[in-house]
Amino acid sequence: MALQQTVERTVAGLGYDLVEIERSAGGLLRVTIDLPWSGPISDAVAPEVPEAFVTVEDCEKVTRQLQFALEVDSIDYKRLEVSSPGIDRPLRNEQDFERFIGEVIDVTLKAPMGAAAAGQVAANRKKFRGTLERVAGADGAQGWQIVWNQEPEGKTAPKPGQKISRKRAPAPMQALGFTLDELREARLAPIVDFKGRRPKPDMTASE
């Protein structure tokens, strides 16, 4: 807990968001940071505002301050690495999900679908990939879901770039609603899309 608090306090104090902390074999401490999200931008403004990324200078600044803070709090580590999120950025809280509405994400449930699958997917399935959407529940509460196209049993999906016949019926849409408490893990799907979201540069600084 002391490590988490020290890193969160230091990163936030420098004006960044803490994405992830990992301890690896050999004493490596890996800290992933991102720029704060200020909320959705309207389509009218978006083209005029270039997307900002974490730079090497950002990583180096956080590294220097963390080295000092970890020493003061007597937290043991052999090597410190500060980096920006990759294209498979983890989503950990409500703001992360709000930030990436409309993106394709991978989710892993804590428990398999079971009876809730109703025969539409395998009852033991835990992993899903789809486009993230915000939805309103029957009680008016806001929730989350992912949607995707799924080919019928025994029918393979067309390969990227493959010409599709106009007579081919589109794959049925599937939707999975969930709460954050039901998730074991959620990440941006590592998809390189040159017409849409582009992968962020993976900046890293090590001591």
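User: Two strands pair if DSSP finds at least two bridges between them. With that settled, how many bridges join strand β6 to β7?
Analyst: This is a predicted model. In it, strand β6 (residues 142–149) is joined to β7 by 6 bridges, and the two strands run antiparallel.

User: Which residue of β7 is the bridge partner of W144?
Analyst: The bridge partner of W144 in β7 is F178. Further along the pair, V147 stands opposite A175 of β7.

User: And the faces of β7: which residues are on the covered one, and which on the uncovered one?
Analyst: Strand β7 spans residues 173–178. Its covered face consists of Q174, L176 and F178, whereas M173, A175 and G177 form the uncovered face. F178, the partner of W144, therefore belongs to the covered face of β7, given that bridge positions are assigned by DSSP. A175, which V147 faces, is on the uncovered one.

User: What about the other neighbour, β5? How many bridges join it to β6?
Analyst: Strand β5 (residues 127–136) is joined to β6 by 6 bridges, again in an antiparallel arrangement.

User: Is β6 largely enclosed or largely open, and why?
Analyst: It is largely enclosed by the rest of the structure, because 6 of the 8 residues of β6 are buried.

User: Take G143, then. Where is it found, and is it buried or exposed?
Analyst: G143 is found in strand β6. Its relative accessibility is 19%. The cut-off for a buried residue is under 20%, so G143 counts as buried.

User: Which residues does G143 touch?
Analyst: Leaving aside residues up to four places away in sequence, G143 touches E133, R134 and V135.

User: Is E94 buried, exposed or partly exposed?
Analyst: E94 is partly exposed, since its relative accessible area is 39%. The C-alpha atoms of E94 and T179 are separated by 10.0 Å, although the two residues are 85 apart along the chain.

User: Switching to pockets: what volume does the second largest pocket have?
Analyst: The volume of the second largest pocket is about 220 Å³. Its lining includes Q4, E8, D17, R89, R92 and D96.

User: Which elements give two or more residues to that lining?
Analyst: They are α1 (2–13), β1 (17–24) and α3 (94–99). The most comes from β1, with 5 residues. Helix α3, where E94 has its place, is thus represented in the lining by two or more residues, as the elements were assigned by DSSP runs.

User: How do the lining residues divide into nonpolar, polar and charged?
Analyst: The lining of the second largest pocket has 3 nonpolar, 3 polar and 6 charged residues.

User: Finally, the overall picture. How many helices and strands does the protein have, and what pattern does it follow?
Analyst: The protein has 3 helices and 9 strands. Along the sequence the pattern is α-β-β-α-β-α-β-β-β-β-β-β.

User: What share of the residues is buried, and what does the accessible surface come to?
Analyst: Buried residues account for 33% of the 207 residues. The accessible surface comes to about 13000 Å², and 52% of it belongs to carbon and sulfur atoms. As for contacts between residues at least 6 apart in sequence, 63% join residues at least 24 apart.

How values were computed
Residues numbered from 1 in each chain as written. Predicted model: local features only at pLDDT ≥ 70, side-chain atom pairs only at ≥ 80, totals over all residues. Heavy atoms only, no water. Helix = DSSP H or I, 4+ residues; strand = E, 2+ residues; numbered from the N terminus. Buried < 20%, exposed > 50% of the residue type's maximum accessible area, 1.4 Å probe, protein only. Contact = heavy atoms within 4.5 Å. Areas by Shrake-Rupley, 256 points an atom, 1.4 Å probe, with all protein chains shown as cover. 1 Å grid on protein atoms, 1.4 Å probe; cavity = no way out; pocket = protein on both sides within 12 Å on 5 of 7 lines; lining within 4 Å. Points joined across faces, edges and corners; volume = space filled by probe spheres on them. Nonpolar A, V, L, I, M, F, W, Y, C, P; charged D, E, K, R; others polar.
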